[in-house]
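Cover the overall fold, the ligand site and the salt bridges.

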Amino acid sequence: MTGDAIRIEALRKTYAGGKEALKGIDLTIPTGSIFGLLGPNGAGKSTLINILAGLVNKTSGKVDIWGWDQDRNPRQSRAAIGVMPQELNLDPFFSPRDALEVQAGLYGVPKRDRRSDEILEMIGLEDKADAYARTLSGGMRRRLLLGKALVHHPRVLVLDEPTAGVDIELRQMLWRNVRRLNRERGMTIILTTHYLEEAEEMCDEIAIINQGAVVARDSTRNLLGQLDAKTLVIEPETMPGTLPSAPGISAERRGGGLIALSYRSSQISAGDVLALVHHAGIVIRDVRTEQADLEDVFLELTRTRSVA
Ligand code: ADP
Ligand code: MG
């Protein structure tokens with residue numbers, strides 16, 4: 001399949017209690033990509049994912065998975081996607097092997113097409129194949145959830161906060177596997193996270209959602225370009241008549257006798273900015289930096305959007 005693995009149009013979800021969790025989402029996810037869905041807690045990420053997975057019913061809108069309309073072709077669209085949920089929902093009396101077999105059964109995978117051993121090996125649970133799930137550590141349970149998401153050989157794999165609260169070893173194992181599935185099997189990967197570095201490391205493209213709406217969607221490179229915006233705020237001994245200027249640095253006056261110098265940290269260092277100030281004959285009384293973190297970007301993007 002070329003084009004988009006997932007197409008979402010005007011997707012809305014209002015929960016029974018009246019909470020409007022998704023307020024009209026339009027989103028396409030390219031086939032073969034590793035796509036990051038970012039947003040603060042409560043943004044609506046899990047709601048969106050659970051709708052894709054068929055675990056939560058949408059209120060309105062259209063969802064296509066691998067070209068299959070979720071309402072008109074529910075079976076095909078469900079078969080095309082595998083989801084590793086955020087919650088650890090495992091039957092405590094099933095062994096990992098049972099859990100995989102039962103899941104495969106639920107998806108109608110014929111016995112001859114089941115790959116339980118291969119999956120157990122991939123998630124590093126061969127040794128625990130026949131142990132009760134309740135004897136597994138938290139990390140092992142997470143790995144088993146990944147395995148369960150893969151039993152029906154989905155085209156699209158969705159991971160909901162796979163690394164929230166997991167140790168570094170498990171994180172690396174997860175990312176290794178995810179990269180391999182993407183590279184070797186062309187699997188389209190969607191992951192949610194609220195760790196920016198994770199998205200930066202893993203994802204080709206990113207959508208940021210906040211309060212049930214997409215506030216940004218771009219290649220990781222472009223989006224992070226916005227994030228490396230830094231500002232050096234200086235308090236000069238005396239305010240100069242003209243502000244210093246140089247390519248890539250923009251200066252403006254702030255209240256309280258301050259000058260704000262904005263630049264991109266990927267292109268210019270703070271040292272260069274200070275050198276410019278020094279060169280302009282400005283004596284610095286005080287200096288501090290301001291840096292865009294993800295929270296700022298959320299705020300900024302939400303603000304811009306509500307104005308538009
Ligand atoms: P995220 O995964 O981004 O943290 P969620 O999709 O879990 O966000 O939640 C989005 C909003 O919907 C939150 O305000 C949350 O409290 C609410 N919500 C989530 N699940 C339910 C539910 N089953 N019933 C009512 N409200 C819910
Ligand atoms: Mg969530």
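The report below goes from the whole chain to single residues.

## Basis of the model

This is a predicted model, in which local features need pLDDT of at least 70, side-chain atom pairs count only at pLDDT 80 or more, and totals for chains, interfaces and linings use all residues. Residues are numbered from 1 along each chain as its sequence is written, chains are lettered from A and ligands numbered from 1 in the order in which they are written, and side-chain values use heavy atoms, with hydrogens and water left out.

## The chain as a whole

The chain has 10 helices and 14 strands. Both are DSSP runs numbered from the N terminus: helices are H or I with at least four residues, strands are E with at least two. The C-alpha trace spans about 80 × 45 × 40 Å along its principal axes.

Of the 308 residues in the chain, 46% are buried. Buried means under 20% relative accessible area, exposed means over 50%, and partly exposed lies in between (1.4 Å probe, protein chains only). L38 is one buried residue, with a relative accessible area of 0%. L38 is found in strand β3 (residues 34–38). Its C-alpha atom is separated by 7.9 Å from that of L196, 158 residues apart along the chain.

## The ligand site

Which residues are around ligand 1? They are Y15, K19, A21, P40, N41, G42, A43, G44, K45, S46 and T47. A residue is near a molecule if one of its heavy atoms lies within 4 Å of it. By class, the shell has four nonpolar, five polar and two charged residues. Here Ala, Val, Leu, Ile, Met, Phe, Trp, Tyr, Cys and Pro count as nonpolar, Asp, Glu, Lys and Arg as charged, and the others, Gly among them, as polar.

Polar contacts are pairs of N or O atoms within 3.5 Å; within protein, one must be able to donate a hydrogen and the other to accept it, and residues adjacent in sequence count only if both atoms are side-chain atoms. The side chain of Y15 has an N or O atom 3.4 Å from a nitrogen atom of ligand 1. K45 uses a backbone N or O atom, which lies 2.9 Å from an oxygen atom of the ligand. The side chain of T47 has an N or O atom 2.5 Å from an oxygen atom of ligand 1. Taken alone, ligand 1 exposes 570 Å², and the protein buries 61% of that. Accessible areas come from the Shrake-Rupley method with a 1.4 Å probe; for residues, only the protein chains shown count as cover.

## Helix α1

Helix α1 (residues 45–52) gives the most to the shell around ligand 1, with three residues. Seven of its eight residues are buried. These are K45, T47, L48, I49, N50, I51 and L52. Just after α1, G54 takes a positive phi of about 80 degrees.

## Salt bridges

The structure holds 16 salt bridges. Each is a side-chain nitrogen of Lys or Arg within 4 Å of a carboxyl oxygen of Asp or Glu. D64 and K62 meet in one of them, at 3.1 Å from N to O. D64 is buried, with a relative accessible area of 14%. K62 is partly exposed at 29%. A network of salt bridges links K62, D64, D69 and R72.

E205 and R217 form another salt bridge, at 2.3 Å from N to O. This pair links distant parts of the chain: E205 is in strand β9 (residues 205–210) and R217 in strand β10 (residues 213–219), 12 residues apart. R285 also forms a salt bridge with E235, the closest N and O atoms being 3.1 Å apart. R285 lies in strand β14 and E235 in strand β11 (residues 229–236), so the pair ties together parts that are 50 residues apart in sequence.

## Backbone and side-chain details

A10 has a positive phi of about 45 degrees although it is not a glycine. A10 is found in strand β1 (residues 4–14) and counts as partly exposed at 41% relative accessibility. E161, also not a glycine, has a positive phi of about 50 degrees. E161 lies in the loop between β7 (156–160) and α6 (168–185) and is buried at 5%.

T220 is found in helix α8 (residues 220–227). Its side chain reaches the backbone oxygen of C203 at 2.6 Å. T220 counts as buried, at 6% relative accessibility.
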